[in-house]
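Subject: Structure handover

Hi,

Here is the structure I promised to pass on. My notes follow below it.

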Amino acid sequence: MVSAQDPDRDLVQRSQGGDRLAFNQLVLKYRNRVMGVATRMLGDRVEAEDLAQDVFVKVYHGLQGFQGEALFSTWLYRVTANSCLNRRRRRKRESQVTQVVDDPERVFSDRASNPHTLLERKELKVFLEKAIQALPQEQRMVLILRDIEGLSYEEIADSLGLELGTVRSRLHRARLEVQASVKEIFSLDAKRSVRP
Amino acid sequence: MNCQEVRELSSDYLDHRLVPSEASLLEDHLKVCSGCREEIETLRTTVSAIGSLDEIETSPDFLSQVHRKIERGGRVKRLWAWLFKPIKIKVPLEITALFLVSITAFYLYYRSPELSRESGMPAPLESLRV
């Protein structure tokens, strides 16, 4: 029985009853989120999309067994996380990001000094993505689920089968790692903003 | 609270997971420690930046691809079920059938000179004749 608090309750129950349109709506609602997790975990868009499709195929076949013990979204993230980790294990070779940015100075090619403008720059976003890619997979998954997908600590623990303390420590370490990478960028930006 | 403790608790603080007394102690430290203030703000900015990363979109035909995979998987499942289910009945029958066909083929091959000639090898029984 799907929880009454589950915002997807109606769609899930209709999907379980064979309503294809309801299942389609679930796919359309969550496809980009699954794609985001998969892309950032696998580092390859084509493979990520293939995995994302497989996730929804698994969901389609597993819906009958979904008892509503967790929110549908939590269960979906669990399937996604397990699929990502299994796919990475099966890979013969993993793509490695050894150098995050060749030249941080290049990020400041113009004179804009407003940090908010800085954040909007595509270069910084690419830099952040690479910094996330460089994280160990356990930290990366938690960071993606928390800071990008917006799951609570409890939902992450439920999705990944972890203790809350483990979620907390992995998230903290991941954030510090990314922070260390971007600190140099922000300090360079601050120096430029005070130049005469 | 010292700087090391603040650093350890900085994520919890930003996520509002500290109990009020701990949060209060941390904030008291931030009032007097510019280094920790800067650390917390940098972490806040980092977390905010991560949260502002672009959504990654699937291809336009994603939904049809999902259904194609479901259908393909369904065909494989139906074929599997047709071949092997119920397992306790079909599998023994199929093994027996395979065994009988193998025995028959073996028998025909060794009894038939024509088949041996076509294969380019002497029939095993013929090769033993003097």
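A contact here means heavy atoms within 4.5 Å. Helices (H or I, at least four residues) and strands (E, at least two) are DSSP runs, numbered from the N terminus. This is a predicted model, where local features need pLDDT of at least 70, side-chain atom pairs count only at pLDDT 80 or more, and totals for chains, interfaces and linings use all residues. Residues are numbered from 1 along each chain as its sequence is written, chains are lettered from A and ligands numbered from 1 in the order in which they are written, and side-chain values use heavy atoms, with hydrogens and water left out.

**Chain A: H3 against H4**

In H3(A), the contact residues are A:Glu47, A:Asp50, A:Leu51, A:Asp54, A:Val55, A:Phe56, A:Lys58, A:Val59 and A:Gly62. They meet A:Phe72, A:Trp75, A:Leu76, A:Val79, A:Thr80, A:Ser83, A:Cys84 and A:Arg87 of H4(A). By class, this contact has nine nonpolar, three polar and five charged residues. (Ala, Val, Leu, Ile, Met, Phe, Trp, Tyr, Cys and Pro count as nonpolar, Asp, Glu, Lys and Arg as charged, and the others, Gly among them, as polar.)

The axes of H3(A) and H4(A), residues 72–90, are 10 Å apart, at an angle of about 130°. That makes H3(A) oblique to H4(A). Axes are lines fitted to C-alpha atoms, for helices over the stretch in contact, and angles run from 0 to 180 degrees between N-to-C directions. Under 35 degrees counts as roughly parallel, over 145 as roughly antiparallel, 65 to 115 as roughly perpendicular and the rest as oblique. The crossing of H3(A) and H4(A) is right-handed. (The near helix is then turned clockwise from the far one by less than a right angle; anticlockwise is left-handed.)

**A charged residue inside**

A:Glu49 is found in H3(A), residues 45–62. This residue is buried, with a relative accessible area of 9%. (Buried means under 20%, exposed over 50%, partly exposed in between, with a 1.4 Å probe and protein chains only.) Leaving out residues up to four places away in sequence, A:Glu49 touches A:Met35, B:Thr58, B:Ser59 and B:Phe62.

**The cores**

A nonpolar core is a set of buried Ala, Val, Leu, Ile, Met, Phe, Trp, Tyr and Cys residues joined through side-chain atoms within 4.5 Å. The largest has 60 residues, and A:Phe72 and A:Val178 touch the most other members. Helix H2 of chain A, residues 20–42, gives the largest share, eleven residues. Another core, of 13 residues, lies apart, with B:Leu14, B:Leu26, B:Cys33 and B:Leu43 among them.

What does A:Val178 touch, not counting residues up to four places away in sequence? Its partners are A:Leu128, A:Ala131, A:Ile132, A:Leu135, A:Leu143, B:Thr46 and B:Ile50.

**Chain B**

Chain B has six helices and zero strands. Of its 130 residues, 27% are buried.

H1(B), residues 3–14, and H3(B), residues 34–51, have axes that come within 10 Å and cross at roughly 30°. That makes H1(B) roughly parallel to H3(B). Their crossing is right-handed. The contact includes B:Val6, B:Ser10 and B:Leu14 of H1(B), and B:Ile40 and B:Leu43 of H3(B). It has seven nonpolar, two polar and three charged residues.

B:His16 lies in the loop between H1 and H2 (20–32) of chain B. Its phi is near 55°, a positive value in a residue other than glycine. B:His16 counts as exposed, at 73% relative accessibility.

Best wishes
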